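Subject: Two-chain model, handover and findings

Hi,

Here is the structure I said I would pass on. Please open it next to this email.

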Amino acid sequence: MVEQVVLIVAGALALVSALGVVIMPNAVYSALMLLLNLVSLATLFLMLHAQFMFAAQLVVYAGAILVLFLFVVTLLNPQGENILRDKRRLQQAGTISMGLFMGCLLVGALLYAFTNGNQPVLAASVTSPNSTYGTVEDFGKALFTQFLLPFELTSLLLLVALIGAVVLGKRK
Amino acid sequence: MQWTDVLSFVIKALILASALGGLGLYSSLFERKLVGRFQNRYGPNRVGPGGYLQPIADAVKLLFKESIKPTEAKNPVYNLAPILALTIAMCAFAVIPLGPDNLNIFGAKFFIADVNIGILYILAVSSLGVYAITLAGWSSGNKYSLLGAIRASAQIISYELALGLSLLSVIVLSSSLRMQDIVQAQHTIWFIIPAFISFVVYCTAAVAETNRAPFDLAEAEQELVAGYLTEYSGMSWALFFAAEYINMITVASIATTMFLGGYQPLIDLGLGWDWAAPIWFALKVSLLMFGFVWLRATLPRLKYNRLMHFGWKVLIPLAMVNLIIISVIVAVVS
């Protein structure tokens, strides 16, 4: 019962704040809405027994990446960039209809996944009392055995991006 | 989980929050008295016997002081920032155990939650603390505030890496993320001995994380008036002030749990005095707090480029090498 209430509240918050990111008049408020969105997503991860994802979501996204966003936005303080106030009507209509199309695609994919029939098995294995699904140990094992190649490739990609940032920053 | 569990969590959280509020008030007196002694004077000694009612007088004064809000302030954020600072400072305490599993008062144990991702939770919560400062600086609508906030957030992000890396070696040593397991793993030997470098790195990074001297560039009064606090007054300023002291208590408690054996006694006399566990915890925390005050009274403020240099080029490599060495030793021994 408690879990259901938390799930519904966190899900609703995630939806509302995601909408807020797009329609807020000021970029700083958009960043704050994104923070709220990330925190509610972290709560959803926690309710789904994905403890590591919960912590990673907060440490990496909320604690580091979004802080940098806020950093730039508070310094530059851009004004009036907003879909709802966009004067170019054609572009505005295009953006909104594209957004609606992507939304429909997402809902369709989710509906397909839920009616596909595999869900109850996975749900039962996750919620059983001695399940290790989503724990840090389980996550680490999967990352360093089953998904080793993608994991190492990602780290290489990050390294390349890092070097690129340094090179671009050094250029006069 | 039932609604009654939720109620018990709420009651425990309220007790902890009020205790932390009181302790935060009195650690200001602790600091002022000690700094007084370090500077060869008495410190506050007028209000009440020996000056021990000074924090209450300060709190009452701040409560009745008018909160002046600048016309440039961006409203919901300006009011929210101090509340956010205080909340985040208190949140990390939810997983810190003040007593062993079997110790309880009327069935209530000495921790709010014993989660199996304790350290990760602490890192997650402490990484959110920077928002309060950034938002306070931005919403004040003052250039000095904004500059202070940007300095503070750059500093906090930089030192958070060293902080996390130093805590990783504790995870390697105890092979668990649960706080109770970490404390139990220190039954024979405290982690400060095998991971001394980690302890030093943690303490340095913790001082930087709480924006205290010698790392208090965010409120360097000679250059930035009072940094992100410039436009705050009265109760909203008091909330930031309380958050700073509670943050100090929190980082000292984390250091105690991770490196100083938590609530375990220095020497186990074999008397089975489990009830003394919270007292041992408080003693170790106050020892660390004394160290923080000592640092503040002794060291001058660093220059900004020195601060960044120290964080990125000294602390992080040191923590990294230390982590690798400890991991190799643990792998060889086991």
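Below is what I found, chain by chain and then across the contact.

First, a caution: this is a predicted model. Every value here is computed from it.

**Chain A**

Chain A has 7 helices and 0 strands. From the N terminus on, its elements run α-α-α-α-α-α-α. Of its 172 residues, 17% are buried. Take the contacts in chain A with a separation of 6 or more: 56% of them join residues 24 or more positions apart.

The contact between them takes 4 residues from domain 1 of chain A and 5 residues from domain 2 of chain A. On the domain 1 side, the residues divide into 2 nonpolar, 2 polar and no charged.

One residue to look at is A:I65, which lies in helix α3 of chain A. Is A:I65 buried or exposed? A:I65 has 12 other C-beta atoms within 10 Å. A residue with 12 or fewer counts as exposed, so A:I65 is exposed. For a distance check, take A:I65 and A:T43. They are 22 residues apart in sequence and 18 Å apart in space, C-alpha to C-alpha.

**Chain B**

Chain B has 11 helices and 2 strands. Read along the sequence, the pattern is α-α-α-β-β-α-α-α-α-α-α-α-α. Of the 334 residues of chain B, 45% count as buried. Among contacts in chain B with a separation of 6 or more, residues 24 or more positions apart account for 79%.

What about overall dimensions? The C-alpha trace of chain B spans about 60 × 50 × 50 Å along its principal axes. A compact globule with 334 residues would have a radius of gyration near 20 Å. Chain B has 20 Å, so the two agree.

Start with α7(B), residues 196–209. This helix has 14 residues and reaches 20 Å from its first C-alpha to its last. That is close to the 20 Å expected at 1.5 Å a residue. How many of the residues of α7(B) are buried? The count is 11 of the 14, so α7(B) is largely enclosed by the rest of the structure. Among the buried residues are B:S198, B:F199, B:Y202, B:C203, B:T204 and B:E209. What covers the buried residues of α7(B)? The cover includes α4 (118–139), α5 (143–174), α9, α10 (277–298) and α11 (304–333) of chain B. After α7(B) comes B:N211, whose phi is positive, near 60 degrees.

Now α4(B), one of the covering helices. At 1.5 Å a residue, its 22 residues should span 32 Å. The end C-alpha atoms of α4(B) are 33 Å apart, which agrees. For burial, the count is 22 of the 22 residues, so α4(B) is largely enclosed by the rest of the structure. α4(B) is followed by B:G141, and the phi of B:G141 is positive, near 65 degrees.

**An exposed residue in chain B**

B:F64 is found in helix α2 (residues 54–64) of chain B. Why does B:F64 count as exposed? Because B:F64 has 9 C-beta neighbours inside 10 Å, and the cut-off for exposed is 12 or fewer. B:F64 and B:G234 are 170 residues apart along the chain, yet their C-alpha atoms are separated by 7.5 Å.

**The nonpolar core**

The largest nonpolar core holds 118 residues. Which of them touch the most other members? They are A:L35, B:A85, B:A162, B:Y202, B:A205 and B:A255. The largest share of this core, 16 residues, comes from helix α9 (residues 234–259) of chain B.

B:Y202 deserves a click. Leaving out residues up to four places away in sequence, B:Y202 touches B:L163, B:S166, B:L167 and B:A255.

**Where the chains meet**

The contact takes 17 residues from chain A and 20 residues from chain B. On the side of chain A that touches chain B, the elements that give two or more residues are α1 (2–23), α2 (27–47) and α3 (51–76) of chain A. Of these, α3(A) gives the most, with 12 residues. By type, the chain A side divides into 13 nonpolar, 3 polar and 1 charged.

Best wishes

Technical notes. Residues are numbered from 1 along each chain as its sequence is written. Chains are lettered from A and ligands numbered from 1 in the order in which they are written. This is a predicted model: local features need pLDDT of at least 70, side-chain atom pairs count only at pLDDT 80 or more; totals for chains, interfaces and linings use all residues. Two residues are in contact if their C-beta atoms, placed from the backbone, lie within 7 Å. Helices (H or I, at least four residues) and strands (E, at least two) are DSSP runs, numbered from the N terminus. Ala, Val, Leu, Ile, Met, Phe, Trp, Tyr, Cys and Pro count as nonpolar, Asp, Glu, Lys and Arg as charged, and the others, Gly among them, as polar. A nonpolar core is a set of buried Ala, Val, Leu, Ile, Met, Phe, Trp, Tyr and Cys residues joined through C-beta atoms within 7 Å. A residue is buried if 20 or more other C-beta atoms lie within 10 Å of its own, exposed if 12 or fewer, and partly exposed in between; C-beta atoms are placed from the backbone. The expected span of a helix is 1.5 Å times one less than its number of residues. The radius of gyration is taken over C-alpha atoms; the globule rule is 2.2 Å times the number of residues to the power 0.38.
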